[in-house]
Amino acid sequence: MGVGNVGARLLNDRDAVNTYLSRDGGQTWSEVRKGSHIYEFGDHGGLIVMADDAHDTTQLLYSWTQGKNWNTVEVSKTPIQVENVIIEPTSKSTRFLVYGRDASKMGTNRGIIVSVDFSSLHERVCSDADYEIWRPRLSDNSCLLGHIVEYTRRKQDSACFNPKEHETKLAITNCECTEQDYECDFGYMRKYNHGPCERDPSVPDSDLKLPTQCPPTGILTISNGYRLVAGDTCEGGAQLGPTTYPCHRGFLGVSHHGWLVLLLVLALIVGMGCVTAKTDNRSEFDRFATKHFGDGTPARGIIGNIKLIVNSIKDAFSWRKSGHGPAEYGYVPEEDDEYWGEDNGDEYDFDEEEDEHDEPELISATTVAEPLPYNTSGSSKFAAASIPKLDAPPSQDYENDLFGDGDEV
């Protein structure tokens, strides 16, 4: 349904427009009422209710024959200025709401809402014999957008209600492609209606040149001047669309950008390996950057880590060039008799009380350590030949002088 007028343009005057209805998807129209009306559908489209929205009224118009016949029903004793007619969102119900304002001379312009129930209009529920098949079509061609669609709808003269659980049956069949299923592609135009698509001279050749590299999909598409209309589902028949060719992208199917990314990843892996090799002889805490945990030292961040990798690679090459490698240390026997065993007695005596509160400190070496000497005969001769001895204490009597100031206590 729609409100309009016959002519070259739409008129704004409500008295110059009428209300029209179409039963074939807009191909043909019939006038159902003079003037402008507000309308709504119910009962799955089998019931139409409308009201005059240009003039004050006391009644509604309704039709259960899809606009073939119209009846009236009084909804108010006093005139109403109808603003709208509404129904629940699915339009399956037969109950409508009409709202507007009181338009009587004695009225106070108050709002009015009227509920209208058409459930008692008929007593019979529609059966299969009350339905028909309808196909939307364009003139003599039933194919629209490359397919035929069939709907079931109630016959115009069947005096029955659609059940609330009724669902419109739908069938779709694809058609063969014809030239009508295509439109001109970018850079092409028709010089006259239904003519062939030809090159558009207003589009420069640079906008239609072929790509110099294979697309990421691996398929090269060349336009023939036509493309399917959006939503068209035709099959077979005339194939006027673009031509496609498979193409290869770079070496082994990988583009140049892909190889560049792969090389960067490999370089990153090599850099990380160099960092790991450089830190093999460091303590576990220092190796995993735990040396400064909790002391307020800021983390290196991404830039700092990149610099560390670059410096590690430089150090690795400098080691190879100078002939030096990681520091090597002497062998410390697992059997600790040589250093800590009973043979040495108290030769290595540590003051545990003095070192008890000392915090461990990591010292970074700046020179390569020399290997420790090791005597394979089993004897330890690493101590000095002679051990310095302390001189005798002064002869002063300190037994009663606790503070060393000469005063006895």
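Trainee: Leaving aside its neighbours within four places in sequence, which residues is Ser 91 in contact with?
Mentor: Keep in mind that this is a predicted model. Ser 91 contacts Glu 40, Phe 41, Gly 42, Asp 43, His 44 and Gly 45, once neighbours within four places in sequence are set aside. Ser 91 itself sits in the loop between E8 and E9.

Trainee: Is Ser 91 buried or exposed?
Mentor: Buried means under 20% relative accessible area. Ser 91 has 18%, so it counts as buried.

Trainee: Which strands pair around Gly 42 and Asp 43?
Mentor: Strand E4 (residues 37–42) pairs with strand E5 (residues 47–52), antiparallel, over 6 bridges. Gly 42 has Leu 47 in E5 as its bridge partner. The hairpin of E4 and E5 has 4 residues between the strands, and there Asp 43 takes a positive phi near 55°.

Trainee: How do I read a sheet?
Mentor: Strands pair through backbone hydrogen bonds, parallel or antiparallel. Here, 3 strands form an open sheet in the order E8-E9-E10, with antiparallel pairing. Strand E8 (80–86) and strand E10 (111–117) are at the edges with a single partner strand each, so one side of each lacks a neighbour in the sheet. The twist averages 25° from one strand to the next.

Trainee: How many bridges join E8 to E9?
Mentor: There are 6 bridges between E8 and strand E9 (residues 95–102). In E9, Arg 101 is the bridge partner of Gln 81.

Trainee: What about charged pairs?
Mentor: Side chains of opposite charge can pair when their charged atoms come close. This structure holds 15 salt bridges. One of them joins Asp 117 and Arg 95, with the closest N and O atoms 3.3 Å apart. Asp 117 lies in strand E10 and Arg 95 in strand E9, so the pair ties together parts 22 residues apart in sequence. Asp 117 is partly exposed at 35%, while Arg 95 is exposed at 55%.

Trainee: Which residues form a network of salt bridges?
Mentor: Arg 23, Glu 132 and Arg 153 are linked in one. Within it, Glu 132 and Arg 23 have their closest N and O atoms 3.7 Å apart. Glu 132 is in strand E11 (residues 131–134) and Arg 23 in the loop between strand E2 (18–21) and strand E3 (30–34), so the pair ties together parts 109 residues apart in sequence.

Trainee: Which side chain of opposite charge is nearest to Asp 181?
Mentor: Arg 190, 10 Å away. Asp 181 is buried yet has no salt bridge. Asp 181 lies in the loop between strand E14 (176–177) and strand E15 (182–184).

Definitions and conventions: Residues are numbered from 1 along each chain as its sequence is written. This is a predicted model: local features need pLDDT of at least 70, side-chain atom pairs count only at pLDDT 80 or more; totals for chains, interfaces and linings use all residues. Side-chain values use heavy atoms; hydrogens and water are left out. Two strands pair if DSSP finds at least two bridges between them. Helices (H or I, at least four residues) and strands (E, at least two) are DSSP runs, numbered from the N terminus. Axes are lines fitted to C-alpha atoms, for helices over the stretch in contact, and angles run from 0 to 180 degrees between N-to-C directions. Buried means under 20% relative accessible area, exposed over 50%, partly exposed in between (1.4 Å probe, protein chains only). Lys and Arg count as positive and Asp and Glu as negative; His and the chain ends are not counted. A salt bridge is a side-chain nitrogen of Lys or Arg within 4 Å of a carboxyl oxygen of Asp or Glu. Contact means heavy atoms within 4.5 Å.
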